[in-house]
Amino acid sequence: MTAASFDEAIAHTPLGDGRFLTSTPPSWMASGRVPAGLVEAQLMAGLAATVTDAQYRPLSFTAHLLRAPGEGDYEVQTDVLRTGRTLISTAARVVQGNKLIATALASFATDRPSPEFDELPMPEVAPPTPGRETDGYVPEFAYPYGDNVVMQDRLGPKPFTAPDGPMERVGWAGFAQARPIDAPGLLMIGDIGMMGWWVRLDRMYTTATLDHTTYFRADLSQAKADDMVLLRSRTGLVRGGYLDWDLDIWAPDGTLLCQSRQILAILG
């Protein structure tokens with residue numbers, strides 16, 4: 001049986017009034033739980049269906065993950081908070097039964113005239129290997145959804161090999177089934193793994209995303225690539241049972257697509 005595609009995993013049925021019905025295919029679960037990145041992608045898919053004016057592109061997205069959805073359907077509920085001349089502010093949440101699962105705030109914007117400077121060059125690495133095969137580390141708890149993603153290490157220590165750090169890794173990531181770059185896809189890719197702190201560990205620890213902010217820094221409709229993108233993943237501080245996780249994501253042509261930061265709880 002063919003696994004569901006990412007687009008099938010974020011598909012929804014409109015219910016009216018900014019509400020959408022969705023669920024997670026079994027092949028996209030991680031140890032029986034819905035991955036945080038997929039919940040975020042489902043939220044963004046609902047918001048993208050709500051903000052239909054093509055001149056506004058995704059600019060920022062912040063999600064707070066309260067709990068993982070259970071089995072079965074759940075709702076994505078969206079709302080446009082304000083529409084300005086250059087910025088649309090929106091909110092969304094995931095609700096299952098009488099439980100609030102996740103909340104999000106997002107903005108969609110038009111370009112504004114300004115000077116432009118770029119001091120975030122893409123690291124120089126070998127291109128992705130053909131065949132979309134994973135050669136990077138995928139933890140056991142990430143399956144079966146781990147079969148749907150591709151990770152190819154390029155720079156930085158391997159997991160569990162560098163007790164003194166640095167907690168930074170660079171590599172290519174994407175989906176096993178190629179698809180164009182878009183905001184839901186980047187939210188999912190930004191949560192699939194290649195974590196920098198893994199290099200200093202002597203065993204794997206599970207984590208849970210508490211909040212995750214992503215800034216979209218390019219017009220994704222103009223991105224000249226499929227979904228294989230380059231990630232620079234780094235963690236600066238692990239303390240008190242929490243860690244930060246920063247990502248920069250580039251298209252193969254060197255365009256910075258997005259920047260993100262998560263705070264995660266260490267579960268054990």
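A salt bridge is here a side-chain nitrogen of Lys or Arg within 4 Å of a carboxyl oxygen of Asp or Glu. The views below are all taken from a predicted model.

**View 1. Glu 40, a buried acidic residue without a salt bridge.** Glu 40 is found in helix α2, and although the residue is buried, the nearest side chain of opposite charge, that of Arg 33, is 12 Å away. Leaving out residues up to four places away in sequence, Glu 40 touches Phe 61, Ala 63, Leu 65, Leu 187, Thr 209 and His 212.

**View 2. Phe 61 within the largest nonpolar core.** This core has 68 residues, and Phe 61 is listed with Trp 28, Leu 43, Phe 216 and Leu 257 as those with the most contacts inside it. Helix α2, which spans residues 36-50, gives the most to this core, with 8 residues. When residues up to four places away in sequence are not counted, Phe 61 touches Leu 43, Met 44 and Leu 47, and also, among others, Ala 104, Leu 105, Ala 106, Leu 187 and Phe 216. The neighbours of Phe 61 also include Glu 40, His 212, Thr 213 and Thr 214. Apart from this core lies another, of 5 residues, among them Val 150, Val 170, Met 228 and Leu 230.

**View 3. Leu 264 in strand β13.** Strand β13 comprises residues 256-266, and Leu 264 is buried because its relative accessible area, 2%, falls under the 20% cut-off. Beyond its neighbours within four places in sequence, Leu 264 is in contact with Met 195, with Thr 207, Ala 208, Thr 209 and Leu 210, and with Gly 241, Tyr 242, Leu 243 and Trp 245. Leu 264 and His 212 are 52 residues apart in sequence, while their C-alpha atoms are 8.7 Å apart in space.

**View 4. Asp 7 and its polar contact with Arg 179.** Asp 7 is found in helix α1, which covers residues 6-9, and the residue counts as partly exposed because its relative accessibility of 40% lies between the limits of 20% and 50%. A polar contact of 2.8 Å joins the side chain of Asp 7 to that of Arg 179. Asp 7 and Ala 41 are 34 residues apart along the chain, and their C-alpha atoms are separated by 9.9 Å.

Definitions and conventions
Residues are numbered from 1 along each chain as its sequence is written. This is a predicted model: local features need pLDDT of at least 70, side-chain atom pairs count only at pLDDT 80 or more; totals for chains, interfaces and linings use all residues. Side-chain values use heavy atoms; hydrogens and water are left out. A nonpolar core is a set of buried Ala, Val, Leu, Ile, Met, Phe, Trp, Tyr and Cys residues joined through side-chain atoms within 4.5 Å. Buried means under 20% relative accessible area, exposed over 50%, partly exposed in between (1.4 Å probe, protein chains only). Helices (H or I, at least four residues) and strands (E, at least two) are DSSP runs, numbered from the N terminus. Contact means heavy atoms within 4.5 Å. Lys and Arg count as positive and Asp and Glu as negative; His and the chain ends are not counted. A polar contact is a pair of N or O atoms within 3.5 Å; within protein, one must be able to donate a hydrogen and the other to accept it, and residues adjacent in sequence count only if both atoms are side-chain atoms.
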